[in-house]
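Me: I'd like to learn how to read a few features off a model. Can you walk me through them?

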Amino acid sequence: MPNRALISSSPPRSTKPTRLRPPGSGQPIAMEPPPPPPPRPPPALPDELVEEILIRSPPEHPASLVRAALVCKRWCGLVSGAGLRRRFIQIHRAPPMLGFLFGTRSRTHFVPTSTFRPRPPHGYGSFWRAWRPIDARHGRVLLHGIGSKPGEPIGDLFAVWDPITGDLRDVPTPREYLNLRCWTAAVLCAAASDACDHLDCHCRSFQVVIVGCDDHEQTDACIYSSVTGAWRQPASSQLQHHGAFLYMEAASAFVSNTLYFVFGAASNLLEYNVASQEMSVIDLPPAYSRQYVGCMTTEDGRLGFSTAEYSKLYWWSREAGHDGDDGWTKTRSLESLSSRS
């Protein structure tokens, strides 16, 4: 009989593990199927989305951005980029209070109010003992050397410090001010207020303004530019005022291109317009205590000052009156902590 090929459909292959019998054994050996391939990693987040997440980090805890920068090189580049830094400031607007500096006769102290810690300049092992803060503004701190001889109103050391990067730039002292009876100083961005929003300009050029009084009750101003590296004394920056006196320890304020300093017997403010380089005097309200007076900028950007009377703190702001003249208005008061305990 001729051979006939038997054609049949193969049964479906079973998904059960194949069991083989080893030679000479009646027991089958189970063979597991190969493991499934690993899942594909999720696609990387676009840089735009990562920035949207990072700029919402709490501004009072800058360490969170440092930890984010350690995730990978790409995130480190985003965190250190000028674009994210500027958007971060634009979203949060009002800069957080990271801490405050104050100087004593022996050293400078930093009191933190956040996780931020300032970076001392490289190579300055005795930085906190060699300098004391005079003013701080626009991401910079104006320092004065405390190693000068006793009785000298101005030593020969000034510097501008960036506490974020640790950069320290020496500023020469103008010789005209070595014999001043009293003086104070301020640091600010070199650009005018209408040309810079001061959100991220701490690494750019700056100005230092020193105002001082001589023995003849004449007040002068001198301006240092980091661009030229030199001081200049405008002829218009002079004022003759009876009882002229300046307080280095009192805080200054900068409002609309104008610097304000506590002046006289703490009963006036000295107004110095940086653009026109002209001086004038503003009277403070008579019904306030003249203890611990300091200039300030209000939350809405106006000129203000604070003062302490016994156990209370008071805030004043300068507002336009109905007759068009500016006047002072008491806005807030706060009972100090010492009286509550």
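Predicted model: local features only at pLDDT ≥ 70, side-chain atom pairs only at ≥ 80, totals over all residues.

Me: Is Val-160 buried or exposed?

Reply: Buried, with a relative accessible area of 4%. The cut-offs are under 20% for buried and over 50% for exposed, with partly exposed in between (1.4 Å probe, protein chains only).

Me: Which residues is Val-160 in contact with, leaving aside its neighbours within four places in sequence?

Reply: Contact means heavy atoms within 4.5 Å. For Val-160 the list includes Arg-140, Leu-142, Leu-168, Val-187 and Phe-206.

Me: How many residues of strand β15 are buried?

Reply: 6 of the 6 in β15 (residues 258-263), so the strand is largely enclosed by the rest of the structure. Thr-258, Tyr-260 and Val-262 point one way, Leu-259, Phe-261 and Phe-263 the other.

Me: Which strands does β15 pair with?

Reply: Two strands pair if DSSP finds at least two bridges between them. β14 (residues 253-255) pairs with β15 in the antiparallel sense over 3 bridges, with Phe-254 opposite Leu-259. Their hairpin has 2 residues between the strands, and Ser-256 takes a positive phi near 50°. β16 (residues 268-273) also runs antiparallel to β15, joined by 6 bridges, and Asn-268 is the bridge partner of Phe-263. That hairpin has 4 residues between its strands, with Gly-264 in the turn at a positive phi of about 65°.

Me: What describes two packed helices?

Reply: You give the angle between their axes and the distance between the axes. Here α1 (residues 47-54) and α4 (residues 82-92) pack at about 40°, axes 10 Å apart. Axes are lines fitted to C-alpha atoms, for helices over the stretch in contact, and angles run from 0 to 180 degrees between N-to-C directions. The two helices are therefore oblique to each other (under 35 degrees is roughly parallel, over 145 roughly antiparallel, 65 to 115 roughly perpendicular, the rest oblique). Glu-51, Glu-52 and Leu-54 of α1 meet Leu-84, Arg-87 and Phe-88 of α4.

Note on methods
Residues numbered from 1 in each chain as written. Heavy atoms only, no water.
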